[in-house]
Amino acid sequence: MIPKFSLHEPDSIKEASSLLSELKGQARILAGGTELFLLAKLGLSSWQHLVSIRNVSELNRLELQRDRLRIGAAVTHRILERSSLVQEQFPLLAELEGQIANVRIRNVGTLGGNLAFAEPRADPATLLLAYGARVKVQNSKGERVLPLKDFFVDYYTTALALDEILTEIEVPRPHPHTTGAYLRVRLTERPAVSVACLLSCDGGGVKQVVLTLGGVSPKPLRLESVEAALQGKGLEEAARSIEGESTIAAEQCTPFEDLTMSAECKRHMVKVLVTRAFLEACNKAKAARL
Ligand SMILES: Cc1cc2nc3c(=O)[nH]c(=O)nc-3n(C[C@H](O)[C@H](O)[C@H](O)COP(=O)(O)OP(=O)(O)OC[C@H]3O[C@@H](n4cnc5c(N)ncnc54)[C@H](O)[C@@H]3O)c2cc1C
């Protein structure tokens with residue numbers, strides 16, 4: 001059973017920040033509640049106060065501003081999946097959002113809640129890291145902006161202080177000749193391992209490639225040595241070398257075992273998914289003559 005609590009429903013970030021600062025660690029932010037209430041029912045979390053951010057209109061904005069997609073932290077997975085702006089400008093993000101959980105969870109679960117919960121196997125972080133996303137966080141004293149890589153600290157742990165609200169996720173629009181792929185393997189409701197690949201081309205060659213991995217370490221990570229090995233190669237040559245590179249990447253990573261998969265199986269999946277994601281991106285680049 002969920003213990004009794006007081007519910008606060010501010011309608012601005014300022015009001016929500018003041019409440020969090022007044023309640024000094026006794027309050028938690030409530031977005032969609034899909035994780036929060038699950039933990040409470042399992043007896044793993046309890047709070048005297050919940051500060052709901054559902055009615056805060058500033059946190060529900062979704063817009064493209066000067067080549068950056070700005071996503072308010074309370075925007076739901078379902079809104080992102082169905083947004084024509086996201087579908088046109090960030091198709092991989094729209095596709096990913098459409099794969100999360102089921103429609104009931106997507107209708108209430110928010111992107112901000114997903115990132116703030118910092119579940120190491122969550123989908124959005126893997127792709128948003130590849131895009132080079134940044135997050136804005138705010139408390140009653142002011143705002144700070146962090147690259148997503150510095151937002152995640154450890155398993156279920158972020159750089160957020162107890163009185164800070166994640167307010168916005170800022171995603172830069174990639175180079176125009178960029179394509180990519182997002183692949184994941186899942187045996188239960190949530191993914192076990194995920195890979196994102198963003199490939200920018202320059203007349204048939206690899207101008208830049210970003211590869212990220214989720215589900216193998218406490219926070220998502222970039223495969224910088226594989227990226228460096230592929231950069232500057234022609235597409236055909238890069239495609240021929242990806243299996244070797246992904247084997248090295250799999251050997252170098254140290255996956256954790258969880259209820260879904262053994263560490264060894266995850267390592268194998270890293271090799272398979274990195275290879276497939278890069279080949280899928282190459283095929284899209286060739287089809288679009290990038
Ligand atoms: C059955 C099931 C299947 C799922 N499958 C997937 C899947 O396939 N892929 C995937 O990626 N995820 C999956 N999820 C996770 C799902 O996406 C998250 O539950 C959801 O996005 C969390 O958002 P929420 O708004 O419900 O967060 P809440 O439960 O409201 O909050 C989660 C945590 O974040 C904090 N928080 C929320 N918003 C903020 C904010 N703006 N600032 C600071 N702290 C904040 C809360 O205090 C709480 O600690 C699944 C979940 C369930 C229950």
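Modeller: Helices (H or I, at least four residues) and strands (E, at least two) are DSSP runs numbered from the N terminus. Just after helix H8, Gly 132 takes a positive phi of about 75 degrees. This is a predicted model, in which local features need pLDDT of at least 70, side-chain atom pairs count only at pLDDT 80 or more, and totals for chains, interfaces and linings use all residues. Residues are numbered from 1 along each chain as its sequence is written, and side-chain values use heavy atoms, with hydrogens and water left out.

Colleague: Why is Ser 17 called buried?

Modeller: Buried means under 20% relative accessible area, exposed over 50% and partly exposed in between, with a 1.4 Å probe and protein chains only. Ser 17 has 2%, so it counts as buried. The residue sits in helix H1 (residues 13–23). Leaving out residues up to four places away in sequence, Ser 17 touches Gln 138, Asn 139, Ser 140 and Ile 165, where contact is heavy atoms within 4.5 Å.

Colleague: What makes H8 largely enclosed by the rest of the structure?

Modeller: Nine of its nine residues are buried, so H8 is largely enclosed. Among them are Asp 123, Thr 126 and Tyr 131. H8 (residues 123–131) lies across E11, E12, E13 and E14, at about 20 degrees to E12. Such angles run from 0 to 180 degrees between N-to-C directions of lines fitted to C-alpha atoms, for helices over the stretch in contact. Helix H5 (residues 91–99) lies across E11 and E12, at about 15 degrees to E11.

Colleague: How do you know that E11 and E12 pair?

Modeller: Two strands pair if DSSP finds at least two bridges between them. E11 and E12 have eight, in the antiparallel sense, so they qualify. Ala 181 stands opposite Cys 197 in E12. The open sheet of four strands has the order E11-E12-E13-E14, with antiparallel pairing.

Colleague: What makes E11 and strand E14 (221–222) edge strands?

Modeller: Each pairs on one side only.

Colleague: How do you know that strand E5 and strand E10 pair?

Modeller: E5 (residues 68–72) and E10 (residues 165–172) share five bridges against the required two, so they pair, in the antiparallel sense. Leu 69 stands opposite Val 171 in E10. These strands belong to an open sheet of five, in the order E4-E5-E10-E6-E7. Its edges are strand E4 (62–65) and strand E7 (142–147). The twist averages 20 degrees from one strand to the next.

Colleague: What makes a set of residues a nonpolar core?

Modeller: A nonpolar core is a set of buried Ala, Val, Leu, Ile, Met, Phe, Trp, Tyr and Cys residues joined through side-chain atoms within 4.5 Å. The largest here has 36 residues, and those with the most contacts inside it are Val 193, Leu 199, Leu 211 and Phe 278. H12 (263–287) is one of the elements that supply at least two residues each. The largest share, ten residues, comes from H12. A second, separate core of 35 residues includes Val 86, Leu 115, Leu 128 and Leu 129.

Colleague: What makes a space a pocket?

Modeller: On a 1 Å grid over the protein atoms alone, a pocket is an open set of points with protein on both sides within 12 Å along at least five of seven lines; lining residues have an atom within 4 Å of a point. The largest pocket holds about 1,200 Å³ of space. Its lining has 48 residues, with Glu 35, Gly 113, Asn 114, Ala 116 and Phe 117 nearest the centre. H7 gives the most to that lining, with five residues.

Technical notes:
On a 1 Å grid over the protein atoms alone, a cavity is a set of points where a 1.4 Å probe fits but cannot get out, and a pocket is an open set with protein on both sides within 12 Å along at least five of seven lines; lining residues have an atom within 4 Å of a point. Grid points are joined across faces, edges and corners, and a volume is the space filled by probe spheres set on the points.
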